[in-house]
There are 4 protein chains.
Amino acid sequence: MPFRDECGVFGIYAPTSSEKISQLIYYGLFALQHRGQESAGIATTNGEAITHHKGMGLVSEVFNKENLAKLEGKIGIGHVRYSTTGKSHLMNAQPLVVQHRKSGLALAHNGNLVNTEELRSMLEEEGVVFQTDVDTEVIVNLLARYSKAGLDKALVKCLEIMRGAFSLVIMAEDKLIGVKDLHGFRPLCIGKTGDTWVLASETCALDIVGAEFVREVEPGEIVIIDDKGLTSIKNRNKSIKKAACIFELIYFARPDSVLDGINANSYRFKTGKILAQESMVEADRIIAVPDSGVPAAIGFSVQSGIPYGIGLVRNRYIGRTFIQPTQELREMAVRIKLNVLKKNVQGKRVVMVDDSIVRGTTIRQIIDMLRKAGAKEVHVRISSPPILNPCYFGIDTPSRDQLVSANYTIEEIRDMIHADSLAFLSIEGVQKATKHTGGYCRACFDGKYPMEVPDNMKALDFK
Amino acid sequence: MPFRDECGVFGIYAPTSSEKISQLIYYGLFALQHRGQESAGIATTNGEAITHHKGMGLVSEVFNKENLAKLEGKIGIGHVRYSTTGKSHLMNAQPLVVQHRKSGLALAHNGNLVNTEELRSMLEEEGVVFQTDVDTEVIVNLLARYSKAGLDKALVKCLEIMRGAFSLVIMAEDKLIGVKDLHGFRPLCIGKTGDTWVLASETCALDIVGAEFVREVEPGEIVIIDDKGLTSIKNRNKSIKKAACIFELIYFARPDSVLDGINANSYRFKTGKILAQESMVEADRIIAVPDSGVPAAIGFSVQSGIPYGIGLVRNRYIGRTFIQPTQELREMAVRIKLNVLKKNVQGKRVVMVDDSIVRGTTIRQIIDMLRKAGAKEVHVRISSPPILNPCYFGIDTPSRDQLVSANYTIEEIRDMIHADSLAFLSIEGVQKATKHTGGYCRACFDGKYPMEVPDNMKALDFK
Amino acid sequence: MPFRDECGVFGIYAPTSSEKISQLIYYGLFALQHRGQESAGIATTNGEAITHHKGMGLVSEVFNKENLAKLEGKIGIGHVRYSTTGKSHLMNAQPLVVQHRKSGLALAHNGNLVNTEELRSMLEEEGVVFQTDVDTEVIVNLLARYSKAGLDKALVKCLEIMRGAFSLVIMAEDKLIGVKDLHGFRPLCIGKTGDTWVLASETCALDIVGAEFVREVEPGEIVIIDDKGLTSIKNRNKSIKKAACIFELIYFARPDSVLDGINANSYRFKTGKILAQESMVEADRIIAVPDSGVPAAIGFSVQSGIPYGIGLVRNRYIGRTFIQPTQELREMAVRIKLNVLKKNVQGKRVVMVDDSIVRGTTIRQIIDMLRKAGAKEVHVRISSPPILNPCYFGIDTPSRDQLVSANYTIEEIRDMIHADSLAFLSIEGVQKATKHTGGYCRACFDGKYPMEVPDNMKALDFK
Amino acid sequence: MPFRDECGVFGIYAPTSSEKISQLIYYGLFALQHRGQESAGIATTNGEAITHHKGMGLVSEVFNKENLAKLEGKIGIGHVRYSTTGKSHLMNAQPLVVQHRKSGLALAHNGNLVNTEELRSMLEEEGVVFQTDVDTEVIVNLLARYSKAGLDKALVKCLEIMRGAFSLVIMAEDKLIGVKDLHGFRPLCIGKTGDTWVLASETCALDIVGAEFVREVEPGEIVIIDDKGLTSIKNRNKSIKKAACIFELIYFARPDSVLDGINANSYRFKTGKILAQESMVEADRIIAVPDSGVPAAIGFSVQSGIPYGIGLVRNRYIGRTFIQPTQELREMAVRIKLNVLKKNVQGKRVVMVDDSIVRGTTIRQIIDMLRKAGAKEVHVRISSPPILNPCYFGIDTPSRDQLVSANYTIEEIRDMIHADSLAFLSIEGVQKATKHTGGYCRACFDGKYPMEVPDNMKALDFK
């Protein structure tokens with residue numbers, strides 16, 4: 001079964017840094033923590049050997065002064081991982097560190113291959129054994145296989161045969177490498193401060209270590225950073241079109257990050273404005289489902305002139321060990337995480353803005369809470385189009401039969417969630433918000449997958 | 001040395017509940033987690049013996065299904081604690097559970113006595129030994145001392161001799177008791193659902209367990225909840241005026257809580273509006289220091305017509321074990337927690353709203369970050385008056401020489417924090433926002449302490 | 001219910017030591033670990049304040065370099081505890097550290113009072129509250145109550161009113177105190193090296209810190225060690241006879257410890273010899289139930305001329321978290337801890353020596369194992385007399401109805417445990433092995449309790 | 001660098017067992033715990049997939065009811081590991097579980113290959129990557145490489161090319177396999193109970209699960225246990241002679257284990273007798289260095305007629321987290337683990353028996369302790385010959401320059417360790433004790449390595 005996750009990667013090449021690079025990677029991963037809270041890992045090299053430390057949990061839980069101090073050297077990479085399947089062993093944590101032809105290699109990966117099965121079978125046929133469930137181990141074995149003529153040649157070969165979404169940071173004992181798949185599904189950017197180079201999933205991780213944004217890694221590009229500076233191997237096949245994941249802008253990226261020239265918060269604010277233009281409604285108050293709905297709600301408010309207010313308060317202290325309510329207290333489930341701020345809701349016609357609807361179960365409970373708190377009307381506005389199709393490129397969407405929009409009309413959904421009205425952003429609205437630049441994968445909305453998806457993967461959607 | 005902390009208390013009397021009350025207390029404390037993250041504890045009674053569990057850390061870290069399951073019975077109390085001193089042992093965690101005259105007693109306390117030293121000396125003189133550093137142990141010994149004639153008589157006596165701030169929940173084997181000091185410094189409210197009674201520091205903890213707000217416990221009141229329902233012993237001495245802590249509205253309380261009829265979020269929004277009336281400035285964008293400055297910033301925006309936007313993004317993954325930057329990376333300290341959302345700041349005249357200034361060090365670093373990100377002007381607006389005096393009633397303020405407003409003029413502070421302009425809310429503004437109802441302790445602003453403070457406590461302010 | 005446990009105590013007064021005394025106490029407790037594995041604690045004082053650390057588990061689990069480093073000063077005490085009841089909270093761990101009349105007091109206790117209930121009621125009547133279940137808290141409250149005229153006077157008073165077994169080490173901010181009850185049930189000895197004084201339950205703890213044995217603390221004696229050296233307050237009432245617990249020699253003490261001039265191993269070896277004289281039997285091999293039966297088995301072998309061999313091998317890796325066999329694997333229970341060394345048993349007539357029989361269940365399983373391994377005959381020899389009566393002085397014996405010897409004849413027991421013959425050491429044999437010195441409590445064998453036992457305690461024996 | 005360790009392996013095939021096999025493996029590993037305390041692991045299969053759990057620490061620390069419950073199926077293997085190098089990561093814990101050609105494989109290994117480097121280079125050359133430092137990963141890759149024609153064929157091939165010591169238990173989804181290298185260095189035996197087959201490093205692990213000993217796995221043999229019962233593939237090349245490690249009898253094996261027909265305790269007892277014949281001395285008392293010297297000391301006593309007594313008491317509570325004495329307390333190092341039982345030593349001429357001398361540092365400190373306790377003479381008798389050569393076959397001996405016997409004469413050593421006399425068992429004595437059966441590797445004594453050792457390994461002996 002292909003393994004799907006959303007992750008964050010970080011790499012640094014700091015030949016003259018007086019600072020401990022393991023600590024810089026620590027802060028870099030901390031800035032990317034929203035991309036994965038399940039495991040974290042750092043690998044560094046002093047030019048001779050690779051040292052690494054990985055663990056389950058948040059960056060601040062996995063690392064302490066002692067284990068950071070042992071991670072020495074001038075080059076390093078890190079990874080945060082979010083796994084939505086049960087296979088959340090330490091074994092699957094990254095970076096994956098291996099020995100190969102007398103030298104070490106570490107690799108951290110964000111994305112999802114669609115031909116893992118095929119590549120894995122090919123490798124197993126040749127006698128390769130696998131110790132983990134993650135794509136990353138397939139990638140590292142492919143690299144090893146083709147690396148006789150050098151790591152760069154091996155990467156070019158890998159770009160040819162690996163199909164799917166992958167943004168990689170790779171560390172050999174003397175260099176740092178960044179790679180993006182041919183479509184550029186997952187973000188990866190380059191930063192610099194002095195002679196220190198940084199690679200990161202998002203610009204917010206450049207900011208935290210004080211690096212200036214240089215540029216994005218391009219789709220199909222391999223950037224090699226070593227003592228000769230940055231060298232780039234670009235994909236010459238221009239027939240493949242860029243297809244950056246639109247959900248990074250909608251939901252994943254931190255609001256302060258900039259992706260392909262678009263700030264995530266601004267995108268969300270703008271979709272809120274467009275949504276107000278497209279689906280205006282008479283109301284007394286705009287509220288958001290926190291935190292993801294807030295920027296669009298403010299945009300909706302600005303455009304509509306209806307005042308924005310905090311309607312729902314989120315409890316931020318839910319940790320990994322929080323005890324969910326038992327069956328008898330099931331109705332509490334949403335109430336525990338969110339509480340209505342009555343003052344802004346009672347006796348009011350409310351517009352509630354959220355970024356997306358997947359299964360539609362939580363939103364119904366929220367709307368019931370709002371009504372119980374005295375809301376006169378509840379109008380739901382969603383700042384992205386209906387999700388009709390599963391993702392095969394690194395986002396863990398449920399199977400098709402659980403995607404509410406794939407199975408019901410908007411009117412049916414409105415009824416199911418107990419809303420007075422319901423509207424989604426149009427695809428046209430998405431295009432407007434991305435300035436009609438193109439270059440996005442919006443297959444979850446329009447079904448136009450940038451590449452053919454193997455049947456065995458599709459099968460998973462109808463379980 | 002008197003011990004100062006801000007805490008949250010919760011109590012429940014659920015004679016016919018089919019639900020596990022330890023789990024209800026768990027959720028109640030979870031809703032009060034913002035009042036204390038250092039330790040948590042729950043004590044319950046089945047009518048014969050008291051069982052309890054306490055530990056260091058968040059509610060979700062201290063409790064698990066196993067230890068919650070052992071906490072049986074129909075009456076229970078809980079406590080979350082934040083300690084700002086080094087004395088953060090488990091020994092000091094609450095509720096304090098004792099055996100006395102063949103029966104058990106558990107007590108949880110929010111506040112700070114000002115005559116602890118005196119009471120403790122008196123008790124020690126009579127042969128009492130103390131095992132902890134907390135006021136709570138003094139209170140429980142006083143109760144025991146005067147309890148021959150009954151717990152209620154003992155409480156009346158305690159209200160006479162204990163001076164300072166205290167909101168208590170107390171559990172005997174057959175009753176739940178709530179007590180507020182004569183001035184009512186710290187909040188404590190009563191809720192009800194069916195025949196279940198709830199006492200809690202804030203209304204948000206009533207909401208989470210599905211209880212309806214009944215009323216506040218009054219200053220100097222003792223409420224006793226047992227199989228005869230709720231009985232109240234009220235203070236007949238009307239010469240003492242109510243003095244609820246204004247900082248609960250400004251900062252401590254959760255935005256969805258309602259204190260003495262005023263919703264915390266609305267208070268903050270309103271102070272933002274008044275601040276805009278009092279200290280308008282030409283600007284392009286209103287931003288907030290998250291999270292505490294957000295409602296006032298929105299209020300300022302609504303009043304001024306200047307658009308509100310997210311200017312700073314807070315990283316929410318800082319846990320207790322987060323590694324702070326070393327000396328060399330000191331300048332990163334603020335950057336790690338907050339990042340500028342450039343798009344909303346670059347090239348703009350910015351008004352930044354926060355709830356208060358204590359030492360003035362962090363705000364300077366934030367302003368420097370904004371300028372580095374391209375802000376043309378930074379105008380600071382504070383939604384409370386300058387803090388000129390220390391608190392002796394349960395808030396851990398630094399000593400007077402570290403309160404920047406007690407030592408510098410507003411113009412000097414503006415210069416120190418690198419702002420283009422700086423304004424505070426006026427005391428008049430506070431009165432407006434509290435609807436001129438009176439009944440607040442604003443000693444930190446105006447020095448009018450509701451009671452005389454012993455010299456040995458005052459001495460601490462000039463260390 | 002009175003609380004019964006067997007514990008170890010240690011105290012040190014080291015005015016000029018260049019070594020960290022917390023580390024010396026650590027090693028002292030480590031040498032006493034066999035006396036209690038449930039919790040461990042250390043308290044030290046620098047002359048001004050008392051610092052302490054306590055935890056559940058072995059000494060090596062509770063302490064680490066960090067927490068030992070924080071325990072500073074020149075005086076300190078420590079405690080290891082074994083609790084046989086369910087009340088094994090951290091709350092009950094010792095030393096108990098309290099504040100009293102502006103100064104600190106720490107107390108560690110080995111033994112069991114028989115009038116706890118009465119003393120506790122008296123104190124509660126006067127308004128004292130209790131936070132733990134242990135006798136120690138009663139003692140510390142009595143001390144506080146009578147200490148106006150000084151700690152020494154208070155101790156004299158306590159010796160008068162506290163009835164039962166207690167060996168105490170007490171630490172004030174400028175002195176170390178050792179106390180033994182009037183009968184001297186539990187051991188406590190004095191050691192010295194240079195100007196460092198040591199108090200310890202057993203001499204093996206003097207050895208480990210390099211202190212020379214000075215003498216035992218006498219029954220009813222208070223020794224005070226401070227900057228004037230050692231001062232002794234002795235009990236002048238000579239009517240009370242010494243009654244040291246014989247089971248310290250039989251089982252509790254470490255083999256290398258010397259108690260009242262008798263080495264524990266030698267005592268055990270000698271009882272083995274006497275047992276062979278009293279109850280000889282034709283056999284091929286002497287084996288022991290390890291570890292407690294080994295010295296007596298060797299003594300039996302020397303006296304009888306029958307060769308000793310290892311017949312049972314004990315697995316030493318059973319930790320606190322070991323998973324006991326489930327019901328289906330119940331027959332494995334003994335096999336997991338002990339394995340037969342077939343070679344020494346098969347086809348042989350075996351004499352198996354153990355130190356005592358309490359319930360008689362384990363020994364039957366062992367004998368069955370020996371037979372299954374091919375033993376032709378199994379003769380059981382016990383190096384102490386039958387246990388007919390419960391202990392009220394610090395040993396956790398089961399209630400009378402579970403003591404097999406109190407309920408069955410020797411012949412019946414022999415039959416129950418599947419032995420070919422069974423013999424116990426005679427009381428006369430015990431006297432011989434203790435050189436007829438007298439001064440021992442042997443109430444478990446002969447029912448002659450050194451003091452009257454309250455009826456409420458006796459009641460517990462017939463549950 | 002080749003990795004050296006001593007480990008324990010266990011395997012079970014229980015097609016109709018009503019018991020949880022993970023629990024049986026737990027007890028099996030618990031019985032083998034003396035062979036490795038650093039990490040433990042279990043893998044089981046339900047015929048479709050392999051589940052495993054590994055961790056650092058003792059068996060009782062790594063496993064709990066929850067993780068054992070998840071290990072389902074009818075076939076399973078387990079491993080305990082002791083690593084003497086710094087590379088004690090979880091990564092290196094066993095069993096190693098891999099996916100290969102659509103099916104799972106788990107492998108646990110005891111021993112040490114001498115041509116690891118060569119095999120690893122060969123595999124790396126073909127594109128294999130390595131994730132751990134252990135031989136086991138090399139073995140599993142070789143197996144995968146040759147397994148196209150079946151696992152049995154692959155194993156035959158592996159036996160040809162893998163040089164060194166290895167006893168393996170291997171689990172595929174439908175079978176359990178045991179393998180011993182051509183010389184049979186490390187023990188591995190077969191047991192049976194009902195239709196359940198067991199493989200284990202030592203017979204004591206058969207006993208604990210109630211299995212009868214069937215036979216040893218022969219050198220060069222592959223035993224395959226599946227639904228057709230046990231099939232054996234034997235090595236037909238009879239030119240290679242058996243070379244079982246003599247140190248298993250001397251030290252490693254548990255006293256109750258039987259290896260190649262010889263009980264470990266009996267061997268040790270017998271060497272003590274032979275030693276007394278070879279190197280008698282006038283003395284008053286025989287004592288042992290516990291625990292390893294005890295059986296030989298008893299043998300020496302029986303032969304010499306000099307009484308045996310406990311001279312040294314070992315503290316058994318040293319756990320993994322025990323704090324070793326600091327530099328200032330260095331002299332305490334031995335005293336902490338061992339204490340002299342003065343009574344058996346003072347004023348006496350003592351013969352102290354131990355199983356071997358490696359560096360000679362500890363024994364000197366022990367002898368100094370004995371003298372300080374009043375021993376008149378200390379005669380040292382060692383129940384094995386001087387260790388003159390390092391081991392390359394699974395025992396972590398220090399490099400040659402640290403082997404005291406390789407660098408000094410017996411008289412020099414006697415002087416260095418402060419003994420009155422010193423004697424070792426003769427090689428002839430070893431032969432007697434093993435009944436002149438031959439078939440042992442005694443290279444550490446006589447330098448006759450059963451196979452050529454690569455120069456790169458030898459180089460390590462002169463670091």
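Domain bounds are taken from an automatic or database domain assignment. On that basis, chain A splits into domain 1 (5-242) and domain 2 (259-462). The C-alpha centres of domain 1 and domain 2 of chain A are 32 Å apart. The model is predicted: local features need pLDDT of at least 70, side-chain atom pairs count only at pLDDT 80 or more, and totals for chains, interfaces and linings use all residues. Residues are numbered from 1 along each chain as its sequence is written, with chains lettered from A and ligands numbered from 1 in the order in which they are written.

Contact between the domains takes 20 residues from domain 1 of chain A and 16 residues from domain 2 of chain A. Two residues are in contact if their C-beta atoms, placed from the backbone, lie within 7 Å. Strand 1 (5-13), strand 6 (103-113) and strand 7 (164-172) of chain A each supply at least two residues of the domain 1 side. Strand 6 of chain A gives the largest share of that side, three residues. Helices (H or I, at least four residues) and strands (E, at least two) are DSSP runs, numbered from the N terminus.

Chain A holds 17 helices and 23 strands. Its C-alpha atoms fill a box of roughly 70 × 45 × 45 Å along the principal axes. Among contacts in chain A between residues at least 6 apart in sequence, 71% join residues at least 24 apart.

Chain A also meets chain D: 14 residues of chain A are in contact with 14 residues of chain D. Helix 5 of chain A provides the largest share of the chain A side, four residues.
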